[in-house]
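Visitor: I am new to protein structures. Please show me how to read a few features, one at a time.

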Amino acid sequence: MSGQALQTSAPGQPAHIPEHLRPIIVKLGGSVVRSGNLEAWLNAIAGAPCPIVVVPGGGALADEVRATQFALGFGDPAAHRMALLAMDQLAWAVAGLRADFTVGDSEAALLESLDQNRVAVWAPFSHVANRPEIAPSWTITSDSLALWLSGRLAARRCYIVKSIERRQNVTGAAALASEGIVDEAFPEMLAASGVPTFLLGKGDEQDFAAALASGDPCGAAID
């Protein structure tokens, strides 16, 4: 069934990620999910011969959380949880578009999906809502969470897909954070993950598909 949920296993990081299950993490920004280019990105992901975990942004739902927080005045811990739930909802939306995409809410569930040759889509709320290493604030958003998951799953690489015009082949994490393209915690999370990470933007869909097919990286390397 499209968007089928997997059973969550016991919490905690798997002791070992089998080599054949080490995934590529693809973070699809909320603006990408809402764009007319989403199908091209999903086609590239669906046609890839390698294991892939999709991390959706919160999109308009997360924007609504920000607006509601401003209007009502509740604190960042509540907003953090609401934004995670926004990501969960986008995960179900993305998985609902493809019969071979499956939602997973833990490392074990994601790996189970990959082992079944399915694309895994991460619903992060139950996985990270109470983790002390993840600050319950807007300093950490789906970009940094994608890096966190990349480290947990020993990912081969991580792609951050944005609805921007990408012109460089190399870009700095600190510069991206200062420009508001990624969140404040991104540079530190990138260093902690140790996973090669690349920025993709408008017009990169075909290069991305070719890179997934060949196993080579593409996009702007983030250092």
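Visitor: Are Tyr159 and Phe198 buried or exposed?

Guide: This model is predicted. A residue counts as buried when its relative accessible area is under 20%. Both Tyr159 and Phe198 are buried.

Visitor: How many aromatic pairs are there, and how is such a pair described?

Guide: A pair of aromatic rings is described by the distance of the centres and the angle of the planes. The structure holds four aromatic pairs. One of them joins Trp41 and Phe208. Their centres are 5.4 Å apart, with 55° between the planes. That pair is tilted.

Visitor: Where in the chain do Trp41 and Phe208 sit?

Guide: Trp41 is in helix α2, residues 38-46. Phe208 is in helix α10, residues 205-214. They are 167 residues apart, so the pair links distant parts of the chain. Trp41 is buried, and Phe208 is buried too.

Visitor: What about the rings of Tyr159 and Phe198?

Guide: They form a tilted pair as well, 5.8 Å centre to centre and 40° between the planes. This pair also links distant parts of the chain. Tyr159 belongs to strand β5 (residues 157-161) and Phe198 to strand β7 (residues 197-200), 39 residues apart. Ring pairs link Trp41, Tyr159, Phe198 and Phe208 into a cluster.

Visitor: Which charged residue sits over the ring of Trp138?

Guide: Arg66. Its charged end is 3.9 Å from the centre of the ring.

Visitor: Now helices. What is the angle between α7 and α9?

Guide: About 10°, with the axes 9 Å apart. Helix α7 covers residues 142-152 and helix α9 covers residues 186-193. Angles under 35 degrees count as roughly parallel. Therefore α7 and α9 are roughly parallel to each other.

Visitor: Which residues make the contact?

Guide: From α7 come Asp143, Ser144, Leu147, Trp148 and Gly151. From α9 come Phe186, Met189, Leu190 and Ser193. Sort the residues of this contact by type: five are nonpolar, three are polar and one is charged.

Visitor: Which residues of helix α5 are buried?

Guide: In α5, residues 107-115, these are Glu107, Ala109, Leu110, Leu111, Ser113 and Leu114. What covers them includes β2, β3, β4, α6 and α7.

Visitor: What is the phi of Asn117?

Guide: Start with the general idea. Most residues other than glycine have a negative phi. Asn117 has a positive phi, near 60°. With a relative accessible area of 71%, Asn117 is exposed.

Visitor: Where is Ala154, and what is its phi?

Guide: Ala154 is in the loop between α7 and β5. Its phi is positive too, near 50°. Ala154 is partly exposed, with a relative accessible area of 30%.

Visitor: Is His80 buried or exposed?

Guide: Buried, because its relative accessibility is 5%. His80 is in helix α4, residues 76-95. Leave out residues up to four places away in sequence, and His80 touches Ile134, Ala135, Pro136 and Ser137.

Visitor: How many residues apart are Asn37 and Lys202 in sequence?

Guide: They are 165 residues apart in sequence. In space, their C-alpha atoms are 8.3 Å apart. Asn37 is in the loop between α1 and α2. At 33% relative accessibility, Asn37 counts as partly exposed.

How values were computed. Residues numbered from 1 in each chain as written. Predicted model: local features only at pLDDT ≥ 70, side-chain atom pairs only at ≥ 80, totals over all residues. Heavy atoms only, no water. Phe/Tyr/Trp six-rings, centres within 6.5 Å; stacked < 30°, edge-to-face > 60°. Helix = DSSP H or I, 4+ residues; strand = E, 2+ residues; numbered from the N terminus. Buried < 20%, exposed > 50% of the residue type's maximum accessible area, 1.4 Å probe, protein only. Lys NZ or Arg CZ within 6 Å of the ring centre and 35° of its normal. Axes fitted to C-alpha atoms, helices over the stretch in contact; angles between N-to-C directions. Parallel < 35°, antiparallel > 145°, perpendicular 65-115°, else oblique. Contact = heavy atoms within 4.5 Å. Nonpolar A, V, L, I, M, F, W, Y, C, P; charged D, E, K, R; others polar.
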